[in-house]
Amino acid sequence: MRHDSSGSLAGWENIECDVDSSSSRAVTALDQILKRTLDIVVAAALLFVLAPVILIVALAIRIESAGPVFYRCRRIGRGGREFDMIKFRKMHDGARGPALASWEDDRFTKLGPFLARTKLDELPQLWNVLKGQMSLVGPRPEDAGFVNLHPAEFSVIHGVKPGITGLCQLAFARESNVLDPEDRLGHYVNEILPQKVRLDQLYASDRSIGMDLRILGWTALAVLFGREVAVHRQTGSLSPRLPRGEAQQVAIGRIEA
């Protein structure tokens, strides 16, 4: 062991730092292994269990409108790499127009609004998870045009894989209902996207297998029981969303207090 000139032991601080660093790397590696294992096991199980639903939806799309069953949209994933995110097609084949659609959009097929409301159009993304392009939980993958509006922030977000569900997906589950019908794109870019970016940065910075399990649990409640979920914008904590009237009363009570 090396001693310094004062006779005290030197190097202990460096040794402690090395031990802490090695421990941190081991925890991170274990966390990544657990996350990937969870992705594979759950995605494979869901594809198996939901196979009849997937086949029925695919058949309904094929019968209802001309065109392919699946729609591949280019999105930016981990490390800033582009990939094809797979969804069930819910618009007429070859439809063009704004990136954000309302329920009344005439580009939708007759089945399209139902697929969008029930999130059934998202089921094929389980294949993206198995391929390792996405995770069950993570930031929602965005179009390159939106990513280019916040390059510094997305460089942090793209440190993790995008997910089928996540903080943003829960917080903005009713996004189509709140967008300004007169300027959907402007409202999204100026109001909604910055909030999503902050939440996704929070997830990318604080992500853990425990957080992923909590998000999956709340997602199950939302999908199976129709529960709306509130996401705290500063901490990412999750709770049941109060009905609008009750939420306003709680807010008034806090102000008066």
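This is a predicted model: local features need pLDDT of at least 70, side-chain atom pairs count only at pLDDT 80 or more; totals for chains, interfaces and linings use all residues.
Colleague: How many disulfides does the rule give?

Modeller: A disulfide requires a pair of cysteine sulfur atoms within 2.5 Å. By this rule the count is 0.

Colleague: What makes the pair Glu175 and Lys196 a salt bridge?

Modeller: A salt bridge is a side-chain nitrogen of Lys or Arg within 4 Å of a carboxyl oxygen of Asp or Glu. The closest N and O atoms of Glu175 and Lys196 are 2.6 Å apart, and the two residues form a salt bridge. Glu175 lies in helix H8 and Lys196 in helix H9, so the pair ties together parts that are 21 residues apart in sequence. Glu175 is buried because its relative accessible area is 13%, and Lys196 is buried because its value is 10%.

Colleague: Why is the approach of Lys196 and Glu175 also called a polar contact?

Modeller: A polar contact is a pair of N or O atoms within 3.5 Å; within protein, one must be able to donate a hydrogen and the other to accept it, and residues adjacent in sequence count only if both atoms are side-chain atoms. The side chains of Lys196 and Glu175 are joined by such a contact of 2.6 Å.

Colleague: Which residues does Lys196 touch, setting aside those up to four places away in sequence?

Modeller: Contact means heavy atoms within 4.5 Å. Lys196 touches Glu142, Cys168, Phe172, Glu175 and Tyr188. Across the protein, among contacts between residues at least 6 apart in sequence, 62% join residues at least 24 apart.

Colleague: How many salt bridges does a search of the whole structure find, and what does the pair Asp121 and Lys90 tie together?

Modeller: The search finds 13 salt bridges. In one of them, Asp121 pairs with Lys90 at 2.8 Å between the closest N and O atoms. Asp121 lies in the loop between H3 and H4 and Lys90 in the loop between strand S2 (82–88) and H3, so the pair ties together parts that are 31 residues apart in sequence. Both Asp121 and Lys90 are buried.

Colleague: What do Arg174 and Glu228 form?

Modeller: Arg174 forms a salt bridge with Glu228, the closest N and O atoms being 3.7 Å apart. Arg174 lies in the loop between H7 and helix H8 (175–178) and Glu228 in the loop between H10 and strand S5 (229–231), so the pair ties together parts that are 54 residues apart in sequence. Arg174 counts as partly exposed because its relative accessibility is 46%, and Glu228 does so at 35%.

Colleague: Where is Gln169 placed, and is Gln169 buried or exposed?

Modeller: Gln169 is in helix H7 (residues 167–171). Its relative accessible area is 16%, so Gln169 is buried. A polar atom of its side chain lies 3.4 Å from the backbone oxygen of Thr165. Apart from neighbours within four places in sequence, Gln169 contacts Gly138, Pro139, Arg140, Gly163 and Ile164.

Colleague: What is the phi of Lys119?

Modeller: Lys119 has a positive phi of about 65° although it is not a glycine. Most residues other than glycine have a negative phi. Lys119 sits in the loop between helix H3 (112–118) and helix H4 (125–130), and is partly exposed because its relative accessible area is 40%.

Conventions:
Residues are numbered from 1 along each chain as its sequence is written. Side-chain values use heavy atoms; hydrogens and water are left out. Helices (H or I, at least four residues) and strands (E, at least two) are DSSP runs, numbered from the N terminus. Buried means under 20% relative accessible area, exposed over 50%, partly exposed in between (1.4 Å probe, protein chains only).
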